Amino acid sequence: MKPKVAIIGAGISGLTTAYYMRDAADCVIFESQDEPGGTMRSSREQGYVMEWGPNGFLTNKPYTLELVRDLGCEERLLRSSDSARKRYVFSAGRLHRLPEKPLEFFLSDLLSLPGRLRVLAEPFAPAAPPGRDESVAEFASRRLGKEAMQKLIEPMAAGVFAGNADELSLQSCFPRIRELETLYGGLVKALFALRKKKPEVSAAPGGALTSFDTGVQALIEVLAARLSGNLRLNTRVETIERREGRYAIQGEAFDSVVVAAPAHAAGRMLRGLDAGLAEDLDRIPYAPIAVVALGFDANAFQRPLDGFGFLVPRQEGRRILGALWDSSVFPGRSPQGKALIRVMVGGARQPELARLREKELVALVREELKITMGLSAEPELSRVFFQERGIPQYLVGHSRLLERLEKRLAAYPGLRLNSNAYRGVSLNDCCRESQLTARRLFSI
Ligand SMILES: Cc1cc2nc3c(=O)[nH]c(=O)nc-3n(C[C@H](O)[C@H](O)[C@H](O)COP(=O)(O)OP(=O)(O)OC[C@H]3O[C@@H](n4cnc5c(N)ncnc54)[C@H](O)[C@@H]3O)c2cc1C
């Protein structure tokens, strides 16, 4: 008989874990909501396809693609348009194209001349302080200077984590950047060394942004269809108990448990079993985020929506984190002659703004789009997707916290934590960790 495994949470992490262990175990997936997918939802309305959260994954890491190939649904993949590589930053009253290549960087006036010269001095920056978990802002200021930190790196941290660069841990949030410093002694040196190996390497995120024909939820639907016999929707797990060497959940006994729910939910379930474990799980905070989707007539724009969208540095004092030009990134996200923009509000930077009422949020976003993009037209459609606990924050000290969690978990054989709260928030990271979780439990 196969071992019985409970998987708690049917977001991408829970479903992918269940999928990879399907031949080795009998899985039951418990999901509190009436639909699987967690953050990965796509709404279709009036011909618009609006993502609640992620709009795709990058192909520079293989994990999501591997899953898609394994599922045999490659024909559903949708590659972003080439112009989506263009990204913008709002600074000093206008959008600046984010430079990708060294020459473009020196010709761009996004940074002042002293700011650009300071970046030039990056190879001579002091080495990382030994044994310290630096914040993203500390790292960027040390290597690239304060201005580059404020205009390039801080907005990137807000774009990926909706977080504050002075609180987020570089090692935990952007391990590759830290690795490049360690391996090559600096970022410029790393860039040149990597370009020697692969001439197309640039400072922009690698790989192609990729989604699915009907939005990211398509992947969830394919996974859920494969696992439909194992999925229990509308079933919130309150506690996980240990009885006679097995785990008791909802009155059933399991040999192993994978908690693929957010860290705060995991903490609640595990409090009775191990109060220390629950306390550490509670230490992983989440940033609230509101995604405001707006549909416009394509003629409403003063400028072409020729790119991915833009980010807004904190020092600009604006009330949005950035905007994604979704209908320019993927074909079919808006009806012919229309355009879809999604604007991110809140995050750790301005959590109170994410919690505004829908009407206030739409009004705020319209005011901000007027200032940042010169867009004053009335949208023909507006929707708000709000998540109080949107994105986990890997604060300075996160890796120590993970070590403590691992030590505590060692006392509970077969109990695993696997969600975006621990080792990466991207869909690729979630797929990688899910594959590893299945492998570690069953040596697959
Ligand atoms: C606005 C936004 C934009 C993003 N953009 C991108 C992007 O473009 N690219 C990218 O790669 N990533 C992006 N991400 C990140 C990515 O979407 C998430 O990290 C990923 O979807 C998280 O998946 P998960 O399964 O770990 O967690 P979740 O999706 O949070 O799933 C957890 C599941 O557990 C369930 N659950 C909770 N408590 C219980 C309980 N007690 N019992 C049973 N079930 C429970 C929940 O209902 C949920 O379904 C974005 C995230 C957000 C919020």
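This is a predicted model: local features need pLDDT of at least 70, side-chain atom pairs count only at pLDDT 80 or more; totals for chains, interfaces and linings use all residues.

Me: Understood. Let us start with helix α1: how many of the residues of α1 are buried?

Reply: Nine of the nine residues of α1 are buried, so this helix is largely enclosed by the rest of the structure. The buried residues are Ile12, Ser13, Gly14, Leu15, Thr16, Thr17, Ala18, Tyr19 and Tyr20.

Me: What covers the buried residues of α1?

Reply: The cover includes the strands β1 (4-8), β2 (26-30) and β14 (256-259). It also includes the helices α2 (63-71), α10 (217-226) and α17.

Me: At what angle do α1 and α17 cross?

Reply: The axes of α1 (residues 12-20) and α17 (residues 427-442) cross at roughly 40 degrees and come within 8 Å. The two helices are therefore oblique to each other. Their crossing is right-handed.

Me: Which residues make the contact?

Reply: From α1, the contact uses Ile12, Ser13, Thr16, Thr17 and Tyr20. From α17, the residues are Leu427, Cys430, Cys431, Glu433, Ser434, Gln435, Thr437 and Ala438. Sorted by class, the contact of α1 with α17 has six nonpolar, six polar and one charged residues.

Me: Now another pair. How do α12 and α16 lie relative to each other?

Reply: The axes of α12 (residues 275-282) and α16 come within 10 Å and cross at roughly 155 degrees. An angle over 145 degrees counts as roughly antiparallel, and α12 is therefore roughly antiparallel to α16. The crossing of these two helices is left-handed.

Me: And which residues make that contact?

Reply: Gly276, Leu277 and Asp280 of α12 meet Leu401, Arg404, Leu405 and Arg408 of α16. By class, the contact of α12 with α16 has three nonpolar, one polar and three charged residues.

Me: Let us stay with Arg408. Why does Arg408 count as partly exposed?

Reply: Arg408 is found in α16, which covers residues 398-409. A residue is buried if 20 or more other C-beta atoms lie within 10 Å of its own, and exposed if 12 or fewer do. Arg408 has 18 C-beta neighbours inside 10 Å, so it counts as partly exposed.

Me: Which residues is Arg408 in contact with, leaving aside its neighbours within four places in sequence?

Reply: With those neighbours left aside, Arg408 is in contact with Asp274, Gly276 and Leu277. The C-alpha atoms of Arg408 and Asp280 are separated by 9.8 Å, although these residues are 128 residues apart along the chain.

Me: Changing topic: how many residues does the largest nonpolar core have?

Reply: The largest nonpolar core has 132 residues, and those with the most contacts inside it are Val136 and Val345. Strand β15 (residues 286-297) gives the most to this core, with nine residues. In soluble globular proteins, nonpolar side chains tend to be buried together.

Me: What is Val136 in contact with?

Reply: Leaving aside neighbours within four places in sequence, Val136 is in contact with Ile153, Ala157, Ala165, Leu168, Leu170, Cys173 and Phe174.

Me: I also noticed Gln46. What is its phi?

Reply: Gln46 has a positive phi of about 50 degrees although it is not a glycine. Gln46 is found in the loop between β3 (42-45) and β4 (48-51). With 11 other C-beta atoms within 10 Å, Gln46 is exposed.

Me: And where does Gln250 lie?

Reply: Gln250 lies in the loop between β12 (246-249) and β13 (252-254). Gln250 is not a glycine, yet has a positive phi of about 50 degrees. Gln250 is partly exposed, with 15 other C-beta atoms within 10 Å.

Notes. Residues are numbered from 1 along each chain as its sequence is written. Axes are lines fitted to C-alpha atoms, for helices over the stretch in contact, and angles run from 0 to 180 degrees between N-to-C directions. Helices (H or I, at least four residues) and strands (E, at least two) are DSSP runs, numbered from the N terminus. Angles under 35 degrees count as roughly parallel, over 145 as roughly antiparallel, 65 to 115 as roughly perpendicular and the rest as oblique. A crossing is left-handed if the near helix is turned anticlockwise from the far one by less than a right angle, and right-handed if clockwise. Two residues are in contact if their C-beta atoms, placed from the backbone, lie within 7 Å. Ala, Val, Leu, Ile, Met, Phe, Trp, Tyr, Cys and Pro count as nonpolar, Asp, Glu, Lys and Arg as charged, and the others, Gly among them, as polar. A nonpolar core is a set of buried Ala, Val, Leu, Ile, Met, Phe, Trp, Tyr and Cys residues joined through C-beta atoms within 7 Å.
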